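My notes follow the display.

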Amino acid sequence: MLGSVSRQRASVIANQRNFPEPVAVLAMGKVWRRSDVVAWIREHRPELAEG
C-alpha cells in the first residue's frame, strides 16, 4: 500500500509519530486497520491514493 518501498523504509514510515497506531502487536509484527492506513496515505502520500 505504500508503493515500491523496501521493508526497511516501510518500517521507518510505520514508526513515524503521525502514522496510525497498530490495533495489535503480534509475534509476526504489527497489525493496522486498512481504513486507518488508507486515510494516512490520502493525507501524507496523496500520489499513492490517486491510483
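The entries below go from the whole chain to single residues.

**Ground rules.** I am working with a predicted model, where local features need pLDDT of at least 70, side-chain atom pairs count only at pLDDT 80 or more, and totals for chains, interfaces and linings use all residues. Residues are numbered from 1 along each chain as its sequence is written, and side-chain values use heavy atoms, with hydrogens and water left out.

**Confidence.** I checked pLDDT (the predictor's confidence in each residue, from 0 to 100). The chain mean is 91, and 96% of residues reach 70 or more. Confidence is lowest in helix H3 (residues 46-49), with a mean of 81, and highest in strand E1 (residues 24-26), at 97.

**Fold.** I counted three helices and two strands. Both are DSSP runs numbered from the N terminus: helices are H or I with at least four residues, strands E with at least two. The order from the N terminus is α-β-β-α-α. The radius of gyration is 11 Å, close to the 10 Å of the globule rule for 51 residues, so the chain is as compact as a globular protein of that length. That radius is taken over C-alpha atoms, and the rule is 2.2 Å times the number of residues to the power 0.38.

**Core.** I then looked for the largest nonpolar core, and found Leu 2, Ile 13, Ala 14, Phe 19, Val 37, Trp 40 and Ile 41. Such a core is a set of buried Ala, Val, Leu, Ile, Met, Phe, Trp, Tyr and Cys residues joined through side-chain atoms within 4.5 Å. Helices H1 (7-14) and H2 (34-44) each supply at least two of its residues. H2 gives the most, with three.

**Helix H2.** Which residues of H2 are buried? I found Val 37, Trp 40 and Ile 41. Buried means under 20% relative accessible area, exposed over 50%, partly exposed in between (1.4 Å probe, protein chains only). These three lie on the same side of H2, because they cover an arc of only 100° around the axis. The arc is that of the directions from the helix axis to the C-beta atoms. Exposed Arg 42 and Glu 43 sit on the face turned away from the buried side. The cover over the buried residues includes H1 and H3.

**Leu 2.** I placed Leu 2 in the segment before H1. Leu 2 counts as buried because its relative accessibility is 13%. Beyond four places in sequence, its contacts (heavy atoms within 4.5 Å) are Ala 10, Ile 13, Trp 40, Ile 41, Arg 45 and Leu 48.
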